[in-house]
Amino acid sequence: MDFILLVFSSFSLLLDPVILTYVILGFVIGTIFAAIPGLTATLAMALLLPLTYTLNVETALMACASIYMAGMCGGSITATTINIPGAPSSMMTALDGYPLQQQGKGALALGHAALGSMFGGALGAILLIALAPFVAELSLLVKTTGKFSLLAFAIIVVVIAQRGKVAQAGLAACIGLMLATVGLDAMEPITRFTYGNSNLTAGIDLMPVIIGTFAIAEVLMQASSSRDISAAAAAAEKVKIRRRDFLPPLSDIRRIGVGCYIKSSLIGYFVGTLPGAGGSMGSFLAYTEAMRTSREPETFGKGNPQGIAASESANNAVCGGAMVPMLTFGIPGDPITAIMLGVLVINGIQPGPQLMSDQAGLIAPMLAALLFSAVVLIPLTLYLIGPYFIKIVSIRKDVLYGVICLLAVVGSYVATYSTFQMFMALGMGILAFYLRRNGLPVITMLLGYILGPNLEEFLRRSLALSNGNPMTFLTSPDSLFFVLLTMVFIYFLVIRKPSKSPVLAQGK
Amino acid sequence: MLMNRQLLFLYVILAVSVGYLISAMSLGAPTDEGRLTPSFFPILVGAAAIVFCGVLITQTFRAAPAPKRSAEPPRYTHLWIVVAIFFYILAFKTVGYFTSSGLFVFALIVLFSSFEKLIQKALISVAVVLAGYVMFQYLFGVRLPTLWG
């Protein structure tokens with residue numbers, strides 16, 4: 001209860017014009033990056049990561065929270081108006097949003113998307129605020145062996161969640177784990193894989209990994225891609241959106257049903273708590289569920305607002321869910337929470353069970369900003385600048401990528417004022433680029449890199465405590481719980497596969 | 001077909017994984033009196049990477065032959081960008097932020113567009129570099145290398 005009160009008292013921080021500016025700026029930047037096809041809010045956050053060195057932690061985390069929320073809803077703008085999802089999480093929104101646009105109801109579709117985002121984002125944030133302290137208390141029950149099993153569970157789930165690409169994901173995770181082993185050993189004074197380079201003694205820094213993986217690799221992907229969005233830009237020029245059409249009529253909301261919003265948000269929230277699942281899976285599952293339970297499933301994919309509501313409620317609720325494992329166990333749910341984890345680590349804060357009790361004052365403002373973004377900034381941004389957002393697609397790409405590259409490379413210099421980190425960022429960018437080009441998911445690499453040190457340490461500590469007996473992972477109740485949970489996920493994700501629907505296949 | 005772009009990538013990763021495993025093994029025995037040593041985990045990871053590489057190489061061999069490439073010429077812009085970033089980093093501290101960044105942003109804008117309207121692009125580059133300087137130096141208090149110290 002104390003934590004909930006702390007979160008609500010943190011709203012007063014938003015009265016500070018500087019903090020409010022950063023939160024609003026974060027939201028606008030997140031929306032712009034999410035709306036432009038090919039760019040993501042993850043990229044925006046990666047570029048802004050170096051700047052968090054100079055901000056205080058609360059402000060940096062609040063800005064991150066607003067970028068995250070904006071990133072989930074911003075993609076719906078181009079998904080609806082020109083059928084190109086700005087972000088992967090808005091893929092399902094395009095299925096019903098674009099047909100509505102073709103019927104001349106594009107603004108209404110955006111209104112439904114914003115309402116769904118607002119509802120899902122708010123419910124996800126409220127659940128996070130209400131449940132995170134309890135999860136943190138429960139996480140105190142997890143001891144060393146349980147922690148190893150939990151981290152192994154996270155990596156295994158993120159690998160097997162990559163349907164049809166399990167070997168690729170496994171290899172990517174191994175590459176991440178390899179990167180994590182570079183530098184001084186955690187338990188003995190031995191350096192590993194540094195090959196005499198003193199810059200590597202402390203290990204590979206998080207900053208160049210994030211900037212390389214998400215910013216430099218993205219620019220290289222765009223440069224190697226022959227995708228031309230000039231047609232989309234031309235289409236965007238023709239789209240006319242009027243503010244008065246944004247507001248969804250009450251009859252539409254009744255038709256969708258409050259139950260659909262709640263159910264989709266809950267699906268999104270719980271999907272968010274799973275490592276590596278992310279907004280795309282949340283909106284996919286919520287859309288499937290909405291279609292399955294609908295009285296008129298044949299209208300899905302033809303402009304049914306319920307599809308938009310389900311998809312957007314779910315992907316914004318993911319924001320709240322994904323922060324639960326990040327804050328309580330230090331396990332990021334998706335790339336954006338991985339970067340937020342980076343912000344915490346850069347500022348010397350170690351996520352984990354103690355975080356909610358020892359440094360609740362730093363976390364509470366971030367959750368307040370998340371809720372504020374969902375309830376206030378989503379509708380306000382849509383209303384004030386919604387009619388112009390579609391023009392974002394027309395931004396000159398050459399200048400945009402020039403700016404991104406400059407920010408990325410100079411940003412990697414900021415941490416240590418060393419060109420070594422800049423070269424590391426370039427190296428990581430090249431690695432991530434080739435991984436992506438060959439179908440290896442970079443999120444599993446990133447998760448392997450982030451979780452690797454703890455995974456190794458807890459494995460060694462667990463076996464040291466049990467005199468080298470590996471059965472300790474099955475005899476310890478907390479560990480056994482995660483071992484069984486891993487098996488349940490393997491059963492549902494690998495052995496038993498869900499059936500496909502024609503509309504969803506079209507979405508893919 | 002023993003060599004295509006994807007296989008080449010997998011061979012490189014396989015070679016790195018084998019090198020990693022050998023380096024890990026050179027750290028010493030994986031266990032010592034029942035305790036795990038610093039080499040245990042890297043050996044495990046290196047071996048797993050080799051297994052995954054093996055699986056993927058086998059899968060690629062077994063897969064149906066790739067469809068014929070489109071008539072579109074291959075794009076190498078990404079390689080030029082890597083070269084540009086490399087030289088930018090080399091020049092960053094010695095030449096200073098302004099000159100190196102100006103040339104870098106200009107090169108990128110040209111790489112992402114064409115060799116037309118160069119004066120306009122040069123002016124945009126100058127504006128971007130100045131905006132970057134103001135943002136880093138004054139807004140965020142980052143000391144950027146300049147020729148005047």
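How many helices and strands are there in chain B? Chain B holds 5 helices and 2 strands, where helices (H or I, at least four residues) and strands (E, at least two) are DSSP runs numbered from the N terminus. Their order from the N terminus is α-β-β-α-α-α-α.

The model is predicted: local features need pLDDT of at least 70, side-chain atom pairs count only at pLDDT 80 or more, and totals for chains, interfaces and linings use all residues. Residues are numbered from 1 along each chain as its sequence is written, while chains are lettered from A and ligands numbered from 1 in the order in which they are written.

Chain B has 149 residues, of which 28% are buried (20 or more other C-beta atoms within 10 Å of the residue's own, with C-beta atoms placed from the backbone). Contacts require C-beta atoms, placed from the backbone, within 7 Å. Among those in chain B that link residues at least 6 apart in sequence, 51% join residues at least 24 apart.

The two chains meet through 47 residues of chain A and 46 of chain B. On the chain A side, at least two residues each come from α8 (166–180), α9 (206–224), α18 (397–414), α19 (419–437) and α20 (442–465). The most come from α18(A), with 11 residues. By class, this side comprises 29 nonpolar, 11 polar and 7 charged residues. Nonpolar denotes Ala, Val, Leu, Ile, Met, Phe, Trp, Tyr, Cys and Pro; charged denotes Asp, Glu, Lys and Arg; the others, Gly among them, are polar.

Mean pLDDT (the predictor's confidence in each residue, from 0 to 100) is 84 for chain A, and 92% of its residues score at least 70. Within chain A, confidence is highest in α8(A), at 94, and lowest in helix α23 (residues 502–507), at a mean of 49.

Definitions and conventions: Buried ≥ 20, exposed ≤ 12 C-beta atoms within 10 Å, placed from the backbone.
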